[in-house]
Amino acid sequence: MNVLVPIDPVAIWIAALSLAIIFVASAALKLADLGQFRGAVVNYRILPEAIAGAVASMIPVAELAGAVGILLPETHAMAAALMVAMLIAFTAAIAANLIRGRRHVDCGCFGAALRQELSWWLVARNAALAILAIVAADGGDGRVLARFDIVTIGFGAASIVLLYSAANYLLANAPAMRALVTQDA
């Protein structure tokens with residue numbers, strides 16, 4: 001899938017490992033309280049309520065499949081495509097609700113553990129994740145990984161996941177922080 005320039009395999013593996021960690025965490029938190037996640041899916045008001053429960057059950061399974069698949073050389077391109085498709089669907093649902101003025105909806109992105117109101121920042125975050133998935137789908141430049149590359153991949157993925165987590169917590173707490181600022185003013 002080398003469209004413009006070949007991508008170094010270290011960058012591909014950093015993207016893949018980062019996405020795997022993020023998607024496993026997301027799926028695990030949704031599965032921990034599937035009823036709450038089902039409520040979040042229903043509250044988007046995109047799907048008929050009759051099928052929202054089935055879709056809510058399938059989403060974390062698909063996230064886990066993508067997370068495992070992106071780490072396997074035989075399936076990483078297909079798993080990356082699955083992740084991009086899910087991110088497009090999630091982003092479309094978020095954008096549709098924002099356009100309808102429905103900002104005070106829990107995104108359901110990380111289950112009950114991290115409730116976030118819908119915002120255009122979630123759209124940007126999903127776009128960044130989709131870019132990571134596209135990088136992970138690349139076939140690479142053919143360079144064989146060296147021993148030190150594994151360390152680089154581990155630290156690179158850890159850095160991305162930590163930055164992603166920090167941004168998510170800031171986004172989740174932004175409404176409360178805004179309320180505190182206006183309360184003090």
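Predicted model: local features only at pLDDT ≥ 70, side-chain atom pairs only at ≥ 80, totals over all residues.
Local features need pLDDT of at least 70, side-chain atom pairs count only at pLDDT 80 or more, and totals for chains, interfaces and linings use all residues. Residues are numbered from 1 along each chain as its sequence is written, and side-chain values use heavy atoms, without hydrogens or water.

**View 1. Helix H1 packs on helix H3.** H1 spans residues 9-32 and H3 residues 49-69 (helices are DSSP runs of H or I, at least four residues, numbered from the N terminus). Their axes lie 8 Å apart, at an angle of about 155° (axes are lines fitted to C-alpha atoms over the stretch in contact; angles run from 0 to 180 degrees between N-to-C directions). The two are therefore roughly antiparallel (over 145 degrees). H1 contributes Ala20, Phe23, Val24, Ser26, Ala27, Lys30 and Leu31 to the contact; H3 contributes Ile59, Pro60, Glu63, Leu64 and Ala67 (contact: heavy atoms within 4.5 Å).

**View 2. Helix H3 meets helix H4.** H4 covers residues 76-99. The axes come within 8 Å and cross at roughly 145°. On the H3 side, the contact uses Ile59, Ala62, Glu63, Ala65, Gly66, Ala67 and Gly69. On the H4 side are His76, Ala79, Leu82, Met83, Met86 and Phe90.

**View 3. Helix H5 and its buried residues.** H5, residues 120-137, has 18 residues. From first C-alpha to last, H5 reaches 26 Å, close to the 26 Å expected at 1.5 Å a residue (1.5 Å times one less than the number of residues). Its buried residues include Leu122, Val123, Arg125, Asn126 and Leu129 (buried: under 20% relative accessible area, 1.4 Å probe, protein chains only). Also buried are Ala130, Leu132, Ala133, Ala136 and Ala137.

How values were computed. Parallel < 35°, antiparallel > 145°, perpendicular 65-115°, else oblique. Buried < 20%, exposed > 50% of the residue type's maximum accessible area, 1.4 Å probe, protein only.
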